[in-house]
Amino acid sequence: MLFRSDRFVFSSKPEPKDISKSAVKNPLIEKGTIACRCKKRCNGIDSDIIVDALADVYTKKRIVSLDDPDIELRGLITEDQVYVGVKVSETDVKSFGRRKVQKRPFVLPITMHPKFARALVNLSSIRKGGVLLDPFCGTGGILIEAGFVGAKTIGSDIEEKMITGCKETLYFYKI
């Protein structure tokens, strides 16, 4: 049920000097364009100052792209800490609505909601290019979500109508 995940880079006190020191000690391994963003979970701290401190270190020798960066450096600001990470993944939450059960070509009362199917796929730790086998695929909910994370999908079921319906649904979503 995770919508965003980051690779932790460092944490420090929310002071520009402390942030700069920590940033210098923790260079980014990723290459490409960059954007620095922050979210506040407190009052009284100016997030622009935090962003500027991060940008002073991490944007040197990099092109800044706020619209479509290769690297999204993200800070979470609390009253006594700033947690900094690089975005690893983000789920398009609206896409679950586009894959609602009632919008699929093959539906039965046992069909799993896309959010729960994605949670199961995430728990499997499958990666892009990996293979996910669903031995009891039913209407194909888990296979749909595995396909959307870039996994190759294999499904089986004891009932022929489930296989036929699941195939129809997977073709519908171009999986």
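A hairpin of four residues links β3 to β4. Those two strands belong to an open sheet of four strands, ordered β1-β4-β3-β2, with mixed pairing. Keep in mind that this is a predicted model: local features need pLDDT of at least 70, side-chain atom pairs count only at pLDDT 80 or more, and totals for chains, interfaces and linings use all residues. Residues are numbered from 1 along each chain as its sequence is written, and side-chain values use heavy atoms, with hydrogens and water left out.

**The sheet**

- Strands here are DSSP runs of E with at least two residues, helices are runs of H or I with at least four, and both are numbered from the N terminus.
- Two strands count as paired if DSSP finds at least two bridges between them.
- In general, strands of a sheet pair through backbone hydrogen bonds, either parallel or antiparallel.
- At the edges of this sheet sit β1 and β2, each of which pairs on one side only.
- From one strand to the next, the twist averages 25°.
- β1 and β4 run antiparallel and share eight bridges; one of the links is between Asp6 and its partner in β4, Lys87.
- β3 and β4 are antiparallel too, joined by five bridges.

- Helix α1 (residues 16-25) lies across β1 and β4, and runs at about 110° to β1.
- Helix α2 (residues 47-58) lies across β1, β2, β3 and β4, at about 155° to β2.
- Those angles use axes that are lines fitted to C-alpha atoms (for helices, over the stretch in contact), and they run from 0 to 180 degrees between N-to-C directions.
- Val51 is a residue of helix α2, and it is in contact (heavy atoms within 4.5 Å) with Cys36, Arg37 and Cys38, leaving aside neighbours within four places in sequence.
- The C-alpha atoms of Val51 and Gly75 are 7.9 Å apart, although the two residues are 24 residues apart along the chain.

**Two pockets**

- A pocket is found on a 1 Å grid over the protein atoms alone: it is an open set of points where a 1.4 Å probe fits, with protein on both sides within 12 Å along at least five of seven lines, and its lining residues have an atom within 4 Å of a point.
- Grid points are joined across faces, edges and corners, and a volume is the space filled by probe spheres set on the points.
- The largest pocket has a volume of about 440 Å³; it is lined by 17 residues, and Ser5, Ser89, Asn122, Arg127 and Val149 are the closest to its centre.
- β1 (4-12), β4 (82-90) and α4 (114-123) each give at least two residues to that lining.
- Sorted by class, the largest pocket's lining has seven nonpolar, five polar and five charged residues (Ala, Val, Leu, Ile, Met, Phe, Trp, Tyr, Cys and Pro count as nonpolar, Asp, Glu, Lys and Arg as charged, and the others, Gly among them, as polar).
- The second largest pocket comes in at about 240 Å³, and its lining includes Arg4, Asp6, Arg37, Arg74 and Glu90.
- β3 gives the most to the lining of the second largest pocket, with four residues.

- A search of the whole structure turns up two aromatic pairs.
- In one of them, Phe148 and Tyr173 have ring centres 6.1 Å apart and planes at 75°, so this pair is edge-to-face.
- The cut-offs: rings of Phe, Tyr and Trp (its six-membered ring) pair if their centres lie within 6.5 Å, and planes under 30 degrees apart count as stacked, over 60 as edge-to-face and the rest as tilted.
- Phe148 is in helix α5 (residues 141-148) and Tyr173 in the segment after α6 (160-172), so the pair ties together parts that are 25 residues apart in sequence.
- Val131 lies in strand β5 (residues 131-134) and touches Ile126, Lys152 and Ile154, not counting residues up to four places away in sequence.
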